[in-house]
Each structure stands twice: as structure tokens, then as C-alpha cells.
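Please read them with the structure open.

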Amino acid sequence: MDEEIPGRLSPYARRPKRALLPGSPAPLPLRRRIGGFFLFRFLTALPDDLADAVAALLDPFERAARLAGRLVHGPALRGGRTSAAGRFALALHGFHWTHWQAETDGPEGMFTARRGDGPGAAGTVTARPPWGRGDPGRGAHTAVCSLRRVPRLRRRPVRVDLVFADGSWLALRLNTRADAARLRAALGPARSTAVPGTASSPSQAPAPAPAPPFPPEPEPDIGVRAGGGTP
């Protein structure tokens, strides 16, 4: 499947550290970090830009809504930054940083999926930036992965989870249900990430206990003879 499907990393996946982005940008200075505080932004923007001031006041509510959404959505990335899932997410953040020189939650990308050769074999997913089509220097990141079975209460029509060879996984958010269905169909059936041996196996009926031996018949009293009376 060579069709590129638009989507993004789940916005509930945590951002990587700035030092891990392409070019290893330096951390923000203290003045910039203080300037990003919502109350300071509100006071600074209020005399000149009312819309920016209102946006600064709404920032805490947006953060609270994102936190509530993360609780409902559940984890969006499992594995360290050096895991296969962490490197895949970092590649998407790197595409966005290289183009915009800005950080974001849930960077966008174009995804191409290929099914594995044999039955049950893992496929591959290639992520590319959503710009620069046809450019030979366009970035790309390919990883071997399969579909992860999402728990029932966490399932969403546009959510697609990828589990990688080292057991790490991440969640993608596709633009439409049709896009999510195409990506799932390209990779094949989902598999669970449960650790082997942790799931309880079906109970088997215990083997019936051997029946006790038939009790021997009581021997006749030697003092009693057939047909004889008592002395």
C-alpha cells in the first residue's frame, strides 16, 4: 500500500525534550519561560491585543481539558525515548520542528503502511512530513510494527495504535474514520500487548479421583454352620 494517509501523533503523547529535537536546540531561557505564564501573557497583551489576552486567560482551561482528555484516552505512548515507539514519535516532532521551528502537541504526518509477508508477520509503517511531496530530500522514518489491540473503553473510530518489535507502542489519530480503516486494513489484524503467561488459561476440569476399592464381603462366623442350630 503506497497511499499516504494523513494523520497525527496523539496529542496526549508527551513532548520530547527540546535537546532531543533536530539541531539540539538550547532550553528556553528563564525570561521566555516566565513570559509564557498565562497571567504574565494576559497583562502584557491586554493593552494592545485583546484577543491574545483572552487566549492567555483560556490557557489554564485548555490545559485542564487536555489533562481530562488524557485520563479518558489513557496512555498514548509506552516506552522510553530510545524505544522504537519513542523514536517514531521523535521523528514526527522533528519534522514539525525542522519546518516551523516550534514545538507542538500531536505533530502531523503522512503514513504509508505495508503488510508483512507471512501470516501474523509484522508490517511496516513509514511516517513523512505533510509537506514537500515529490521532494527527493523529504524526510521519512520507517519502523516495523503491527496493530495493537486497544482496550474496549479506550477505542475511538479515528484511533490507531501501533506496537513495535521491542514491545513499545504509541497511538495515532487519523483525520477520518475512513483513513483509520485504511491504515488498519493495510497492517492486518491487531494483536494484544499482554505479557505471555499473565493471562489466565481456561480452567480444566480436574480428573476424577479413583473410586475406593470395593469392600470385601464379611466372612461367615466360624461358630455358625449352615443348617445347624445353636448348641
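1. What percentage of the 231 residues in the chain do buried residues make up? The share is 32%. Please keep in mind that this is a predicted model.

2. Five helices and seven strands form the secondary structure of the chain. Among contacts with a separation of 6 or more, 56% join residues 24 or more positions apart.

3. The largest nonpolar core contains 31 residues, and Phe-88, Val-125, Leu-162, Phe-164, Leu-170 and Leu-172 have the most contacts inside it. At least two core residues come from each of β1 (5–9), α4 (84–100), β3 (108–114), β4 (123–128), β5 (141–147), β6 (159–164), β7 (169–174) and α5 (177–187). The largest share, seven residues, is supplied by α4.

4. Beyond its neighbours within four places in sequence, Leu-172 contacts Arg-8, Leu-9, Ser-10, Phe-111, Val-158, Arg-159, Val-160, Leu-162 and Leu-183.

5. The largest cavity holds about 50 Å³ of space. Which residues line the largest cavity? They are Arg-15, Pro-16, Leu-21, His-93, His-96, Trp-97, Ala-102, Glu-103 and Thr-104. By type, this lining divides into four nonpolar, three polar and two charged residues.

How values were computed
Residues numbered from 1 in each chain as written. Predicted model: local features only at pLDDT ≥ 70, side-chain atom pairs only at ≥ 80, totals over all residues. Heavy atoms only, no water. Core = buried A, V, L, I, M, F, W, Y, C linked by side-chain atoms within 4.5 Å. Buried < 20%, exposed > 50% of the residue type's maximum accessible area, 1.4 Å probe, protein only. Helix = DSSP H or I, 4+ residues; strand = E, 2+ residues; numbered from the N terminus. Contact = heavy atoms within 4.5 Å. 1 Å grid on protein atoms, 1.4 Å probe; cavity = no way out; pocket = protein on both sides within 12 Å on 5 of 7 lines; lining within 4 Å. Points joined across faces, edges and corners; volume = space filled by probe spheres on them. Nonpolar A, V, L, I, M, F, W, Y, C, P; charged D, E, K, R; others polar.
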